[in-house]
Amino acid sequence: MDAASRERVVGEIEFETFSADDLEGISQLITAMSGDGRDLHLRDKSPAYYRWMYFANPAGAAMGCLARHGDRIVSSFAVAPKVMQVDGRRRLMGKTMDMFTDPEYQGMGLIKKCCDRAFAMARQAGVDGWYVTPSPNSYPIFKNKWGYSEDFELVYRTRMLDVPAVAAAMRPALGRVAGPLGRVKRRAAGPTRLPAGWTVAELAAFDAEADALWAEVGEGYGVAIVRDAAYLNWRYVENPDHYAVYGLRRDGLLRGIVVLKTTTRHGIPVGEIVDIVAPAQDARIHRLLLRIAVDHSRRLGCALVEAWSIRGTWLDRRLVLSGLAIPRAKIPFLLSPDHPDPLVHDKHAWLLTQGDGNDV
Ligand SMILES: CC(C)(COP(=O)(O)OP(=O)(O)OC[C@H]1O[C@@H](n2cnc3c(N)ncnc32)[C@H](O)[C@@H]1OP(=O)(O)O)[C@@H](O)C(=O)NCCC(=O)NCCS
């Protein structure tokens with residue numbers, strides 16, 4: 001496009017706040033650009049998903065802006081509000097998401113205008129600041145242009161369950177070498193063995209028991225999304241996608257929750273540990289929840305199991321001790337400038353799980 005046509009197109013573009021009528025167009029833009037297919041499937045991207053994500057969140061509707069050219073949505077961006085506790089106080093923070101400009105319209109300043117508008121709406125709604133898990137494309141924009149801070153290293157901590165399948169997905173030749181080793185290491189999938197007095201069962205929904213668990217354990221975390229029943233039901237039960245939720249009990253009393261999901265990455269099934277609710281100081285409960293997660297993933301034939309983890313924290317250490325030792329990849333994690341609470345820059349303060357993001 002020559003400079004004159006670009007200028008004409010930019011002049012024709014309209015910027016608008018999202019409405020429920022835009023969900024089909026937003027879903028189309030994101031589905032076309034996200035690279036999903038046989039080898040990659042992380043989550044639903046249907047209009048139903050965006051209705052749930054943007055308009056059913058108990059913390060409030062998403063703050064979103066889109067750019068329209070004629071009847072086409074050509075750029076879109078949103079911030080989801082999250083009720084967090086920071087240093088013992090309730091705060092509203094945001095999570096940025098769905099930042100896309102149609103390739104024909106990139107470099108025209110569209111996402112800049114959408115972001116400016118969404119951030120202004122977020123500030124007006126009382127959101128103190130927001131966290132970002134940028135793609136390689138948006139990382140330099142947030143980090144270098146807009147001055148976001150990167151305080152710690154977030155990684156996928158991974159445990160392989162089927163070595164040849166993982167090796168073959170990474171490099172087919174390596175898969176052939178890893179074949180015999182993988183067969184020796186493979187173990188049968190069975191029910192999770194727990195110590196006497198402990199039981200595990202799938203939960204269909206969260207209720208007063210989950211509220212009581214969070215009321216007890218939440219204070220152990222300096223910075224965390226408030227994982228009460230209202231949040232957990234929205235995030236994992238009302239979500240158009242499917243999650244497996246297990247409740248761990250001791251003598252009948254709920255002591256921990258683990259939320260799991262299966263995705264496809266590099267063509268192989270992956271067991272994702274999406275969330276964990278457990279007492280911060282109790283290594284044993286974490287260990288049992290991770291054992292449940294690994295066994296569940298094995299039963300479903302997953303080639304590996306993984307969780308988000310902030311390197312060098314005690315939670316990271318617990319994952320390593322449970323066999324999720326390999327740091328498969330880094331997830332850039334940025335915070336908006338001028339956050340009023342310095343604790344958000346302390347890696348040891350965070351309870352951060354894949355459920356806090358929006359990829360799975
Ligand atoms: C990332 C993306 C949304 C940018 O959209 P865009 O409409 O082309 O961006 P804009 O033209 O509004 O540019 C925004 C700012 O980023 C800068 N910028 C754009 N691309 C950049 C790049 N590759 N490297 C560094 N800066 C860049 C622009 O100069 C502008 O800076 P300014 O605020 O100082 O003016 C777009 O490239 C895209 O959709 N990429 C694929 C999907 C993706 O990765 N999305 C991110 C998911 S988190």
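Student: Into which domains is the chain divided?

Tutor: The model is a predicted one. Its chain is divided into domain 1, residues 3-145, and domain 2, residues 154-332. Taken over C-alpha atoms, the centres of domain 1 and domain 2 lie 29 Å apart.

Student: Which residues come nearest to the ligand?

Tutor: The shell around the ligand holds 19 residues, and Thr101, Gln106, Ile111, Ser135 and Asn137 come nearest. At least two residues of the shell are supplied by each of β4 (89-101), α4 (110-124) and α5 (139-145). The shell comprises 9 nonpolar, 8 polar and 2 charged residues.

Student: Let us turn to the sheet. In what order do the 7 strands stand?

Tutor: The order is β7-β9-β10-β11-β12-β6-β13, in an open sheet whose pairing is mixed. At the edges stand β7 (198-202) and β13 (326-331); each has a single partner strand, so one side of each is left without a neighbour in the sheet. On average, and with direction ignored, neighbouring strands of this sheet are turned by 30 degrees against each other.

Student: Which helix packs on the sheet, and which strands does the helix touch?

Tutor: Helix α6, residues 163-170, packs there and touches β6 (154-160), β11 and β12 (304-310). The direction of α6 makes about 110 degrees with that of β11.

Student: How should I read the pairing of individual strands?

Tutor: As for the pairing here, β9 (residues 244-250) and β10 run antiparallel and are joined by 7 bridges. Leucine 248 stands opposite glycine 256 in β10. Strand β10 (residues 253-265) also pairs with β11 (residues 268-277), in the antiparallel sense and over 9 bridges.

Student: Which residues in the hairpin turns have a positive phi?

Tutor: The hairpin of β9 and β10 has 2 residues between its strands, and aspartate 251 in the turn has a positive phi of about 50 degrees. The hairpin of β10 and β11 also has 2 residues between the strands, and there histidine 266 takes a positive phi near 50 degrees. Histidine 266 has this positive phi although it is not a glycine. Histidine 266 counts as partly exposed because 14 C-beta neighbours lie inside 10 Å.

Student: Where is aspartate 87 placed, and what is its phi?

Tutor: Aspartate 87 belongs to the loop between β3 and β4. Its phi is near 55 degrees, a positive value in a residue other than glycine. With 13 other C-beta atoms within 10 Å, aspartate 87 is partly exposed.

Student: Is valine 86 buried or exposed?

Tutor: The count of surrounding C-beta atoms decides, and a residue is buried if 20 or more others lie within 10 Å. Valine 86 has 21 other C-beta atoms within that distance, so it is buried. Its place is in strand β3. Leaving aside residues up to four places away in sequence, valine 86 touches Arg91, Val223, Asp341, Leu343 and Val344.

Student: Where is glutamate 153 found, and which residues does it touch?

Tutor: Glutamate 153 is found in the loop between α5 and β6. Residues up to four places away in sequence being left out, glutamate 153 touches Arg311 and Lys330. It is partly exposed, with 16 other C-beta atoms within 10 Å. The C-alpha atoms of glutamate 153 and leucine 194 are separated by 33 Å, and these residues are 41 apart along the chain.

Technical notes: Residues are numbered from 1 along each chain as its sequence is written. This is a predicted model: local features need pLDDT of at least 70, side-chain atom pairs count only at pLDDT 80 or more; totals for chains, interfaces and linings use all residues. A residue is near a molecule or strand if its C-beta atom, placed from the backbone, lies within 6 Å of it. Helices (H or I, at least four residues) and strands (E, at least two) are DSSP runs, numbered from the N terminus. Ala, Val, Leu, Ile, Met, Phe, Trp, Tyr, Cys and Pro count as nonpolar, Asp, Glu, Lys and Arg as charged, and the others, Gly among them, as polar. Domain bounds come from an automatic or database domain assignment. Two strands pair if DSSP finds at least two bridges between them. Axes are lines fitted to C-alpha atoms, for helices over the stretch in contact, and angles run from 0 to 180 degrees between N-to-C directions. Two residues are in contact if their C-beta atoms, placed from the backbone, lie within 7 Å. A residue is buried if 20 or more other C-beta atoms lie within 10 Å of its own, exposed if 12 or fewer, and partly exposed in between; C-beta atoms are placed from the backbone.
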